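Dear colleague,

I am passing on a structure that will be new to you, together with an account of what turned up in it. Please have it open beside this message as you read.

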Amino acid sequence: MTNEKRIMSEIVLRALALAAFAIAAWLALKFLLIVLAIVTAASICFIYGYSAHKEKMNVSDER
């Protein structure tokens with residue numbers, strides 16, 4: 001009976017370790033996706049702002 005309890009407790013511990021790993025992986029993925037979204041938005045804003053500034057400079061040069 002003690003051998004069966006040891007095996008069951010080992011299975012439960014492995015299941016808990018797997019669940020903890022899955023949660024940690026999910027949080028890391030979520031963090032990386034948020035960082036990617038922020039970097040993408042910042043890049044789009046920078047490119048749009050730079051293009052508008054460049055166009056504004058070209059228009060003022062033509063005058």
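**Salt bridges along the helix**

In this model, which is a predicted one, the count of salt bridges comes to 2, where a side-chain nitrogen of Lys or Arg has to lie within 4 Å of a carboxyl oxygen of Asp or Glu. One of them pairs Arg6 with Glu10, whose closest N and O atoms are 3.5 Å apart, and the other pairs Glu10 with Arg14, where the corresponding separation is 3.3 Å.

Arg6 and Glu10 both belong to helix α1, which covers residues 2–62, and they sit 4 residues apart, about one turn of the helix. Glu10 and Arg14, again both in helix α1, are likewise 4 residues apart, or about one turn.

How exposed is Arg14? With a relative accessible area of 59%, Arg14 counts as exposed, because the cut-off for that class is over 50%. Arg6, at 48% relative accessibility, counts as partly exposed, and Glu10, at 33%, is also partly exposed.

**The chain and its surface**

Turning to the chain as a whole, the secondary structure comes to 1 helix and 0 strands. Buried residues make up 0% of the 63 residues in the protein chain, and the accessible surface comes to about 6100 Å², of which 74% belongs to carbon and sulfur atoms.

Which residues form a nonpolar patch on the surface? The patch is made of Ile23, Trp26, Leu27, Leu29, Leu33 and Leu36, which together have about 640 Å² of accessible area. Leu36, one of these residues, lies in helix α1, the helix that also holds Arg6 and Glu10.

Conventions
Residues numbered from 1 in each chain as written. Predicted model: local features only at pLDDT ≥ 70, side-chain atom pairs only at ≥ 80, totals over all residues. Heavy atoms only, no water. Helix = DSSP H or I, 4+ residues; strand = E, 2+ residues; numbered from the N terminus. Buried < 20%, exposed > 50% of the residue type's maximum accessible area, 1.4 Å probe, protein only. Patch = residues over 30% accessible without salt bridge, like charges linked within 9 Å, V, L, I, M, F, W, Y side chains within 5 Å. Areas by Shrake-Rupley, 256 points an atom, 1.4 Å probe, with all protein chains shown as cover.
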